[in-house]
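Hello,

Here is the structure I promised to pass on. Please open it alongside this message, and my notes follow below.

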Amino acid sequence: MLLSSSFYARSAREVAPELLGCFLIRKINGRIIKTKIVETEAYCGPNDLASHASRGRTERNKVMFGPAGIIYVYFTYGMHYMFNIVTGPTNYPDAVLIRAVEPLNKILKTNGPARLTKVLAIDKKFNGLAIYNKKNNLWIEKAETKIKPARIIKAARIGIDYAGKYKNKKWRFYVKDNKYVSAK
DNA sequence: ACGATGATGAAC
DNA sequence: TTCATCATCGTA
């Protein structure tokens with residue numbers, strides 16, 4: 001079942017762990033690539049120093065300030081696309097970064113946020129599009145069985161040592177022992 | 001373990 | 001104009 005826009009209209013810290021076990025599905029030339037989300041990170045509002053939104057609205061991050069359920073894709077290090085989903089109320093910049101997925105119907109190397117965007121062909125064209133319908137050939141379906149709370153690990157986020165008091169917040173969520181979770 | 005990659009935004 | 005970044009790969 002497709003997750004509706006209201007699913008995303010909550011804080012990133014609520015949405016991020018609930019996305020674990022859900023299916024991220026991409027359709028390319030009529031072919032379906034089905035994956036399971038196994039690692040996410042929450043970027044929470046205008047005060048989170050790890051978030052792009054902490055320095056206000058810019059050309060790059062403006063979709064974070066829009067409605068929930070919209071895709072935020074940005075290009076970084078001159079090489080990689082990162083795939084996020086906007087959460088929370090309109091005008092409040094909250095988002096969940098999808099860091100890793102497990103491929104279900106193909107053999108693919110998808111661990112890590114830049115690897116998964118490459119394999120699923122997610123690029124700037126998706127920035128600003130909706131994740132809550134199938135029109136864009138990229139959507140998320142509800143988990144068949146919820147991941148048990150004991151198997152959801154909470155940890156500090158990756159690659160944000162600059163974030164001061166926010167760097168130790170346990171806003172990264174991943175499935176215990178899953179081999180597709182990114183390293184570190 | 002380190003350098004290359006080279007868009008975007010902030011500091012200078 | 002220069003510097004750092006929500007990363008990864010090739011080379012050592």
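**Contacts with DNA strand B**

A backbone N or O atom of Arg-60 lies 2.2 Å from a phosphate oxygen of DNA strand B. Please keep in mind that this is a predicted model. Glu-59 also approaches through its backbone, with an N or O atom 3.4 Å from a phosphate oxygen of DNA strand B. At Gly-78, a polar backbone atom is 3.4 Å from a sugar or linking oxygen of DNA strand B.

Of the atoms of DNA strand B that come within 4 Å of the protein, 86% belong to sugar and phosphate. By residue type, this surface divides into 3 nonpolar, 2 polar and 3 charged.

For the polar contacts, have a look at the stretch around Arg-115. A polar atom of the Arg-115 side chain lies 2.6 Å from a phosphate oxygen of DNA strand C. Pro-113 and Ala-114 use the backbone instead: a polar backbone atom of Pro-113 is 3.1 Å from a phosphate oxygen of DNA strand C, and a polar backbone atom of Ala-114 is likewise 3.1 Å from one.

Which elements give two or more residues to the surface near DNA strand C? They are strand 3 (71-76), strand 4 (80-87), strand 5 (94-103) and helix 3 (113-119). Helix 3 gives the most, with 3 residues. The residues of this surface divide into 12 nonpolar, 6 polar and 2 charged.

**A look at Asn-61**

One more residue may interest you: Asn-61, in the loop between strand 2 (31-44) and strand 3. Is Asn-61 buried or exposed? Its relative accessible area is 1%, under the 20% cut-off, so Asn-61 is buried.

The side chain of Asn-61 has two backbone partners to check. One of its polar atoms lies 2.8 Å from the backbone oxygen of Gly-56, and a polar atom of the Asn-61 side chain is 2.6 Å from the backbone nitrogen of Thr-58. Leaving aside residues up to four places away in sequence, Asn-61 touches His-52, Ala-53, Gly-56 and Tyr-72.

Happy browsing, and best wishes

Methods:
Residues are numbered from 1 along each chain as its sequence is written. Chains are lettered from A and ligands numbered from 1 in the order in which they are written. This is a predicted model: local features need pLDDT of at least 70, side-chain atom pairs count only at pLDDT 80 or more; totals for chains, interfaces and linings use all residues. Side-chain values use heavy atoms; hydrogens and water are left out. A residue is near a molecule or strand if one of its heavy atoms lies within 4 Å of it. A polar contact is a pair of N or O atoms within 3.5 Å; within protein, one must be able to donate a hydrogen and the other to accept it, and residues adjacent in sequence count only if both atoms are side-chain atoms. Ala, Val, Leu, Ile, Met, Phe, Trp, Tyr, Cys and Pro count as nonpolar, Asp, Glu, Lys and Arg as charged, and the others, Gly among them, as polar. Helices (H or I, at least four residues) and strands (E, at least two) are DSSP runs, numbered from the N terminus. Buried means under 20% relative accessible area, exposed over 50%, partly exposed in between (1.4 Å probe, protein chains only). Contact means heavy atoms within 4.5 Å.
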